[in-house]
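Let's take a walk through this structure together.

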Amino acid sequence: AHVWPRHVAMFLAREITGATFTAIGRFFQKDRTAVLFACRRVRDWTSIDPVLAQEVAGLRARLCGAENDGKTKKRLPAENARRNAVESKHPNTPIPK
């Protein structure tokens, strides 16, 4: 009943923020593999159903608005906190995404 909306939400979270499957899974209280499955499922279904593709694109546009063209990935607050903590301890060390 609520599977498809959750899958789309996970897919859009990944597309818009670039967050890891693990971070998205934590938010939805799911395993990272469930997020991976959801993203693949939405990608596959939208590639064969233009109506679904249009609906997902519309949701992405509403979420991104004028401030984000959908190509720029935003970080989740938890990722920003982790990045800031690492940067303050090791300012010249590259941080993995």
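This is a predicted model: local features need pLDDT of at least 70, side-chain atom pairs count only at pLDDT 80 or more; totals for chains, interfaces and linings use all residues.

Let's start with α3, whose buried residues are Val35, Ala38, Cys39, Val42 and Thr46. Because these residues cover an arc of only 95° around the axis, they sit on the same side of α3.

As for the length of α3, its 17 residues reach 25 Å from the first C-alpha to the last, close to the 24 Å expected at 1.5 Å a residue.

So what do the buried residues of α3 pack against? Their partners are α1 (3-17), α2 and α4 (50-64). To place these helices in the whole, step back for a moment: the chain comes to 5 helices and 0 strands, and from the N terminus on its elements run α-α-α-α-α. Of the chain's 97 residues, 24% count as buried.

Now look at α1. Its 15 residues should span 21 Å at 1.5 Å a residue, and that agrees with its end C-alpha atoms, which are 21 Å apart. The buried residues here are His7, Val8, Met10, Phe11, Leu12, Ile16 and Thr17, and they pack against α2, α3 and α4. Just after α1 comes Gly18, with a positive phi of about 75°.

Another positive phi turns up at Gln29, which isn't a glycine; the value there is near 60°. You'll find Gln29 in the loop between α2 (21-28) and α3 (32-48). Is Gln29 buried or exposed? Residues over 50% relative accessible area count as exposed, so Gln29, at 71% relative accessibility, is exposed.

Next, the inside. In soluble globular proteins, nonpolar side chains tend to be buried together. Here, the largest nonpolar core has 14 residues, and those with the most contacts inside it are Phe11, Leu12 and Val56. The elements that give two or more residues to this core are α1, α2, α3 and α4. Which of them gives the largest share? That's α1, with 5 residues.

Leaving aside its neighbours within four places in sequence, Val56 is in contact with Val8, Phe11, Leu12, Val42 and Thr46. Val8, Phe11 and Leu12, meanwhile, are among the buried residues of α1.

Leu63 also lies in helix α4, but Leu63 is exposed, with a relative accessible area of 57%. Even so, beyond its neighbours within four places in sequence, Leu63 is in contact with Leu12 and Ile16. Leu63 and Leu12 are 51 residues apart along the chain, yet their C-alpha atoms are separated by 8.9 Å.

Among contacts with a separation of 6 or more, residues 24 or more positions apart account for 60%.

Methods: Residues are numbered from 1 along each chain as its sequence is written. Side-chain values use heavy atoms; hydrogens and water are left out. Helices (H or I, at least four residues) and strands (E, at least two) are DSSP runs, numbered from the N terminus. Buried means under 20% relative accessible area, exposed over 50%, partly exposed in between (1.4 Å probe, protein chains only). The expected span of a helix is 1.5 Å times one less than its number of residues. The arc is that of the directions from the helix axis to the C-beta atoms. Contact means heavy atoms within 4.5 Å. A nonpolar core is a set of buried Ala, Val, Leu, Ile, Met, Phe, Trp, Tyr and Cys residues joined through side-chain atoms within 4.5 Å.
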